[in-house]
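Biologist: I am new to this structure and would like to go through it piece by piece. Please show it first, and then I will ask.

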Amino acid sequence: MPLVQGIYYTFYQGGQKDRPPVVLIHGAGSNHLCWPAEMRRLSGFDVLTLDLPGHGRSSGLGQHAIEAYAGQLVGFLAGLGIHQAYLVGHSMGGAIALSISLQFPTLPVALGLIASGAYLNVQPELLESLKSPGTYNEGLNWIRQHVFSPHTSTTLIEYSMKQMSDLRPAILYEDWLACSHFDLHNEIEKIAAPAWVAIGSDDRLIPAASANYLISSLRHVRLQVVPSAGHMLIIEKPKELAQGLYKFLKDLENWHGI
């Protein structure tokens with residue numbers, strides 16, 4: 001089982017030696033299995049998919065600050081000898097990618113921000129529910145009701161919720177707590193890396209206004225709105241999402257302005 005600094009990862013070797021790898025960073029309460037095969041095996045690219053500390057098969061503890069996760073991830077990549085990469089994150093993972101861009105601006109060649117934003121809107125009642133064992137299941141039910149599109153099948157919903165319910169409750173709470181503290185409104189314009197922003201048309205956690213703020217604040221950005229998808233568009237519409245990421249990365253090779 002591959003572990004670097006306690007972080008578990010999978011590696012798909014499909015790219016050219018001179019091409020930076022794609023690093024997939026999952027969101028709150030998830031693990032590397034949330035990423036569809038179409039993205040974990042992206043044609044023409046090396047792809048590294050990881051479990052954040054305390055998640056999935058990784059050891060260690062969860063963090064209650066996005067910046068802490070960002071520092072751990074940079075250390076993990078350095079342990080693999082990776083000093084430049086395409087950072088692609090879902091929700092909290094996107095926040096981690098943005099935080100890395102500010103702390104270590106030479107590391108990201110480009111960013112993929114899926115259902116993410118400069119600010120993550122976490123409802124106080126969700127945090128309160130997840131904080132207490134007596135109300136923890138209420139928190140899980142709240143998540144179930146808010147992160148999926150009405151068009152999403154029950155099978156996919158149950159699969160995603162099973163991953164989350166298997167996680168230690170303290171980790172899930174800390175993830176959402178970290179998201180609640182995340183706010184880059186005053187710093188987002190400092191980020192120079194090109195970005196691909198993808199949102200679901202039915203996302204109730206990251207609305208279109210959040211994506212529009214990223215588009216108006218980042219210097220070089222492309223937007224993809226995925227129809228009939230909610231906050232969990234990585235499992236709701238994997239093919240459309242993988243196609244959008246692939247096109248963005250390929251276009252960067254001949255980029256003169258996106």
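Biologist: Which strand does Ile114 lie in?

Modeller: Bear in mind that this is a predicted model. Ile114 is in contact with residues beyond its sequence neighbours, including Trp35, Val88, Trp196 and Leu241. The element that holds Ile114 is strand S6.

Biologist: Is Ile114 buried or exposed?

Modeller: Leaving aside neighbours within four places in sequence, its contacts include Met39, His90, Ala198 and Leu233. A residue counts as buried under 20% relative accessible area. Ile114 is buried, because its relative accessibility is 0%.

Biologist: How many Å separate the C-alpha atoms of Ile114 and Gln224?

Modeller: Along the chain, Ile114 and Gln224 are 110 residues apart.

Biologist: What is the phi of Ala115, and where is Ala115 placed?

Modeller: Most residues other than glycine have a negative phi. Ala115 has a positive value instead. Ala115 counts as buried at 0% relative accessibility, and its place is the loop between S6 and helix H4 (124–131). Its phi is near 50 degrees.

Biologist: Is Gln5, which also has a positive phi, buried or exposed?

Modeller: Phi of Gln5 is near 55 degrees, and Gln5 is not a glycine. Gln5 is found in the loop between strand S1 (3–4) and strand S2 (7–12). With a relative accessible area of 59%, over the 50% cut-off, Gln5 is exposed.

Biologist: At what angle do H2 and H3 pack?

Modeller: Two packed helices are described by the angle between their axes and the distance between the axes. Helix H2 covers residues 66–79 and helix H3 residues 92–103, with 8 Å between their axes. The angle is about 70 degrees, which makes H2 roughly perpendicular to H3.

Biologist: How many nonpolar residues are in the contact of H2 with H3?

Modeller: From H2 come Ile66, Glu67, Tyr69, Ala70, Leu73 and Val74, and they meet Met92, Ala95, Ile96, Ser99, Ile100 and Gln103 of H3. By class, this contact has 1 charged and 2 polar residues, and the nonpolar ones number 9.

Biologist: How many of the 12 residues of H3 are buried?

Modeller: Among the buried residues of H3 are Met92, Gly93, Ala97, Leu98 and Ser101. They pack against strand S3 (22–25), H2, strand S5 (85–90), strand S6 (108–114) and helix H7 (169–181). H3 is therefore largely enclosed by the rest of the structure, and the number buried is 10.

Biologist: How many Å apart are the end C-alpha atoms of H3?

Modeller: H3 has 12 residues, so at 1.5 Å a residue it should span 16 Å. The distance in the model agrees: 16 Å.

Biologist: Which elements are included in what covers the buried residues of H7?

Modeller: H7 has 13 residues and reaches 19 Å from its first C-alpha to its last, close to the expected 18 Å. Its buried residues are Ile171, Leu172, Tyr173, Asp175, Trp176, Leu177, Ala178 and Cys179. The cover over them includes H2, H3, H4, helix H5 (136–146) and helix H6 (154–165).

Biologist: How many disulfides does a search of the whole structure find?

Modeller: The closest cysteine sulfur to that of Cys34 is in Cys179, and 13 Å is too far for a bond. Cys34 is buried at 4% relative accessibility, and Cys179 is buried at 3%. The search finds 0 disulfides.

Biologist: Which residues is Tyr119 in contact with, leaving aside its neighbours within four places in sequence?

Modeller: Tyr119 is in the loop between S6 and H4 and is partly exposed, with a relative accessible area of 34%. Its C-alpha atom is separated by 8.6 Å from that of His181, 62 residues apart along the chain. The contacts of Tyr119 are Phe182, Asp183, His185 and Ile206.

Biologist: How many Å apart in space are Phe104 and Val74, C-alpha to C-alpha?

Modeller: Phe104 lies in the loop between H3 and S6 and is partly exposed, at 33% relative accessible area. In sequence, Phe104 and Val74 are 30 residues apart. In space, C-alpha to C-alpha, the value is 8.3 Å.

Definitions and conventions:
Residues numbered from 1 in each chain as written. Predicted model: local features only at pLDDT ≥ 70, side-chain atom pairs only at ≥ 80, totals over all residues. Heavy atoms only, no water. Axes fitted to C-alpha atoms, helices over the stretch in contact; angles between N-to-C directions. Helix = DSSP H or I, 4+ residues; strand = E, 2+ residues; numbered from the N terminus. Parallel < 35°, antiparallel > 145°, perpendicular 65-115°, else oblique. Contact = heavy atoms within 4.5 Å. Nonpolar A, V, L, I, M, F, W, Y, C, P; charged D, E, K, R; others polar. Disulfide = S-S within 2.5 Å. Buried < 20%, exposed > 50% of the residue type's maximum accessible area, 1.4 Å probe, protein only. Expected span 1.5 Å × (residues − 1).
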